[in-house]
Amino acid sequence: MTCYCGNKETYTACCEVFHLNKGKAKTAEQLMRSRYSAFVLANGDYLMQTHHSSTRPIQEKKAIVKWSKSVDWIKLEVLETTKGLENDEEGTVTFNAYFYEHGSTELIHEKSAFLKEDDTWYYLGYAKN
């Protein structure tokens, strides 16, 4: 089975490495994909750990996990990346995340901002256009 994030690799060879803290995302897109897989698996610890401390919604962790478990995740589509490569300090990733909730297919469309600190990528929040 391919990874939840849409890569051709298995989950074990892809996002699980990050979820188990056995590797660091090298790019903003790689972090975003691993966060999507964390939503699929309702891995609140990873979602908080990879959310930048300046915007981390720690009080919302339980609600995020509860919601993540309540929907059926369908797929992730990465539409565009800007910067966010290994040598960058910031970047954006625009994506669509599809899920099934209350009898219909829903969509999260987001342009996410990422920031690298101490050689580690973090999700900052919605990117300002």
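Visitor: Is Lys-61 buried, exposed or partly exposed?

Guide: In this predicted model, the relative accessible area of Lys-61 comes to 25%. Buried would require a value under 20% and exposed a value over 50%, so Lys-61 is classed as partly exposed.

Visitor: How far apart are the closest N and O atoms of Arg-33 and Glu-29?

Guide: Both residues belong to helix H2, residues 28–40, and because they are four residues apart there, about one helical turn separates them. Arg-33 is buried at a relative accessible area of 13%, whereas Glu-29 is partly exposed at 26%. The two form a salt bridge in which the closest N and O atoms lie at a distance of 2.9 Å.

Visitor: What is the N to O distance between Lys-75 and Glu-77?

Guide: Lys-75 is partly exposed, its relative accessible area being 39%, and Glu-77 is likewise partly exposed, with 26%. A salt bridge needs the nitrogen to be within 4 Å of the carboxyl oxygen, and the side chains of Lys-75 and Glu-77 meet this cut-off at 3.7 Å.

Visitor: How many salt bridges are counted by this rule?

Guide: By the rule applied here, the count of salt bridges is three.

Visitor: Over how many bridges do strands S3 and S4 pair?

Guide: Strand S3 covers residues 104–117, and strand S4 covers residues 120–126. Glu-117 stands opposite Thr-120 in S4. The two strands run in the antiparallel sense, and the number of bridges over which they pair is six.

Visitor: Which residue in the turn between S3 and S4 has a positive phi?

Guide: S3 and S4 form a hairpin, with two residues between the strands. The phi in question is about 50°, and the turn residue that has this value is Asp-118.

Visitor: How many of the seven residues of strand S4 are buried?

Guide: Buried here means a relative accessible area under 20%. Strand S4 is mostly covered, and the number of its seven residues that are buried is five.

Conventions:
Residues are numbered from 1 along each chain as its sequence is written. This is a predicted model: local features need pLDDT of at least 70, side-chain atom pairs count only at pLDDT 80 or more; totals for chains, interfaces and linings use all residues. Side-chain values use heavy atoms; hydrogens and water are left out. Buried means under 20% relative accessible area, exposed over 50%, partly exposed in between (1.4 Å probe, protein chains only). Two strands pair if DSSP finds at least two bridges between them.
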